[in-house]
Amino acid sequence: KKMTKLDITLKDERSSFDKFCDKMYAKYKEEKSKENEKDVMSKEEYRAQHKMFLRHKYREKKAEDLKKKLGLD
């Protein structure tokens, strides 16, 4: 049976913050790759070193999502 995107979403039990951090880490790795930089941190190092930044960006995103949901944007 071929898995659909919906099947994958239902099985993802990570918190929304964990998913957000994974997306940010993917962006970080993509940026490093574009610049041909070799000093790429592991996901754990990235989260530890950027904890406050990630929390701040996550709160901003949640506030922005809520504004859109309420039609305030």
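Author: Start with the overall layout. Along the sequence, the protein chain reads α-α-α-α. That comes to four helices and zero strands. Here helices (H or I, at least four residues) and strands (E, at least two) are DSSP runs, numbered from the N terminus.

A word on the source. This is a predicted model, in which local features need pLDDT of at least 70, side-chain atom pairs count only at pLDDT 80 or more, and totals for chains, interfaces and linings use all residues. Residues are numbered from 1 along each chain as its sequence is written, and side-chain values use heavy atoms, with hydrogens and water left out.

Now the surface. The protein chain exposes about 6,400 Å², and carbon and sulfur atoms supply 54% of that area. Accessible areas come from the Shrake-Rupley method with a 1.4 Å probe; for residues, only the protein chains shown count as cover. Of the 73 residues in the protein chain, 16% are buried. Buried means under 20% relative accessible area, exposed means over 50%, and partly exposed lies in between (1.4 Å probe, protein chains only).

Next, the salt bridges. Side chains of opposite charge can pair when their charged atoms come close. A salt bridge is a side-chain nitrogen of Lys or Arg within 4 Å of a carboxyl oxygen of Asp or Glu. The structure holds eight of them.

Take helix α2 (residues 16-34). Glutamate 30 pairs with lysine 34 in a salt bridge, and their closest N and O atoms are 3.6 Å apart. Both residues belong to α2 and lie four residues apart, about one turn of the helix. Glutamate 30 is partly exposed, because its relative accessibility is 47%. Lysine 34 counts as exposed, because its value is 57%.

Another lysine of helix α2 is lysine 32. At 13% relative accessibility, lysine 32 is buried. Leaving aside residues up to four places away in sequence, lysine 32 touches Glu37, Asp39 and Val40. A contact means heavy atoms within 4.5 Å. Across the protein chain, take the contacts with a separation of 6 or more: 40% of them join residues 24 or more positions apart.

Move on to helix α4 (residues 51-70). Lysine 57 and glutamate 60 form a salt bridge there, with the closest N and O atoms 3.4 Å apart. The two are three residues apart, so about one helical turn separates them. Glutamate 60 is partly exposed, at 38% relative accessible area. Lysine 57 is partly exposed too, at 32%.

Helix α4 holds another such pair, lysine 61 and aspartate 65. Their side chains meet in a salt bridge at 2.8 Å, N to O. They are four residues apart, so about one helical turn lies between them. Lysine 61 is partly exposed, with 36% relative accessible area. For aspartate 65 the figure is 32%, so this residue is also partly exposed.

How does the length of α4 check out? At 1.5 Å a residue, its 20 residues should span 28 Å, and the end C-alpha atoms are 29 Å apart, which agrees. The expected span is 1.5 Å times one less than the number of residues. After α4 comes glycine 71, with a positive phi near 75°.
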